[in-house]
Amino acid sequence: MIALSLAEIAAIVGGQSCDIPDPSVQVTGSVVIDSRQVAPGSLFAAFAGEHVDGHDYARVAYEAGAVAVLAARPVGVPAIVVDDVQGALGALAREVVRRLGTDVVALTGSSGKTSTKDLIAQVLQRHAPTVFTPGSLNNEIGLPLTALTATSETRHLVLEMGARGIGHIRYLTGLTPPRIGLVLNVGTAHIGEFGGREQIAEAKGELVEVLPADGCAVLNADDPLVRAMAPRTTARVLLFGEAEDADVRAENVRLTDAGQPSFRLHTPSGCSDVTLRLYGEHHVSNALAAAAVAHELGMPVDEIALALSEAGTLSRWRMEVTERPDGVTVVNDAYNANPESMRAALRALAAMGKGRRTWAVLGPMAELGDESLAEHDAVGRLAVRLNVSKLVAVGDREASWLQLGAYNEGSWGEESVHVSDAQAAVDLLRSELRPGDVVLVKASRSIGLERVALALLDGGVEGEVAAR
């Protein structure tokens, strides 16, 4: 963060100084919400959570080097006391971003946000110092914390924005007003909370509505609900996709034998060839989105193509591909799941596993509401249609729907099996995997199915999964 005195911070957040002997002392380090991450010069923001109250760790943070605590009450060490710590954190981020004057790139979408954000960051880092959202910290706390890591050297600030309802994106853009806004897609993730895809489109489209007239809305030309957002912005619109009228588009898309996409990248400034290190054709759209943002920020097409071709996976458990010594390939895509990402992952598995046995270890998809049965059934059926050798459905009711879809679609009923939990899946796989097999592991994050992939890779003993 840029250096600010405690007096400046108190004024910015509308807080009261408490037990601060010298208000001119500066915060020169990061703003953190975990006392274990405190370093000399930090500001510790104390949040009262469901299980842990950060105020109880104020002295620990101060003794570890925090200059002061941003708190909702006096804590016995130097503190700036505010009515709402979250609101104060947002106000501080807003002012820091305003003072920096950096280019803010905000992106949202139903799926692929984190992978695309990581691509954008890796491309822009070749252009100028770039700060970006770590992992999926895309909410009311994670976003300002990311923004506050920017310094006077930062040219680009890339921020992922999540939403679970109308108004969420608008709130986040109020903290860090973007000049470039990217909408990837409108799918069925969280449809149970929103009520329908039209409501999801309404929420995601808040991003383009707040863009300034001299800004740029980067929209997916291949998604009708995203393309329809163009009239909702006064900013210039830049379309990406495989549609013929897309400003940034891909031609001659194909997959390598390993399942990695290759294509000809077209931009308004020229063309260049790209071969991604990522797995699955769905990453073509993500790469085009990143290319469109980079083009808008002035990068030459050859530099964009080279950066895309060299970019890797930055965030864990997203199509992480690891080959064991015995030749079994484990694809850990267990960070999260929705119908769109499930379909994309299964197609990637099918492409990677040509001529090999393939296993899809799938768990429930959360927050689908009334669409849950139909969507789980459809994913199970797709696994069979793609000739996945065996679907292993893990969990309770929703998993049984996955297995039933596969059973009804299959010819002999041998294409799928339903197991109760992660340990049962590991036991099954350890007994039946053969060298050369490819295993995909994917489910909603709350299921914790990454334990299956980790167990397969670390060769842990029976029972280890349950103990993690």
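Here is a short briefing on the protein shown above. The model is predicted, so local features need pLDDT of at least 70 and side-chain atom pairs count only at pLDDT 80 or more, while totals for chains, interfaces and linings use all residues. Residues are numbered from 1 along each chain as its sequence is written, and side-chain values use heavy atoms, with hydrogens and water left out.

**Confidence**
- The average pLDDT (the predictor's confidence in each residue, from 0 to 100) is 94 for the protein, and 97% of the residues score at least 70.
- Please take care with residues 460–468, where pLDDT stays under 50 and the model has 18 contacts beyond four places in sequence; a contact means heavy atoms within 4.5 Å.
- Where pLDDT is low, the predicted coordinates should not be read in detail.

**Overall build**
- You will find 18 helices and 22 strands in the protein, taken as DSSP runs (helices H or I, at least four residues; strands E, at least two) and numbered from the N terminus.
- Along its principal axes, the C-alpha trace spans about 75 × 55 × 40 Å.
- Of the 468 residues, 56% count as buried, meaning under 20% relative accessible area with a 1.4 Å probe and protein chains only; exposed is over 50%, and partly exposed lies in between.
- Among contacts between residues at least 6 apart in sequence, 65% join residues at least 24 apart.

**A look at Ile447**
- Ile447 sits in the loop between β22 (438–442) and α17 (450–458).
- With a relative accessible area of 29%, Ile447 is partly exposed.
- From C-alpha to C-alpha, Ile447 and Leu428 are 18 Å apart in space, and they are 19 residues apart in sequence.
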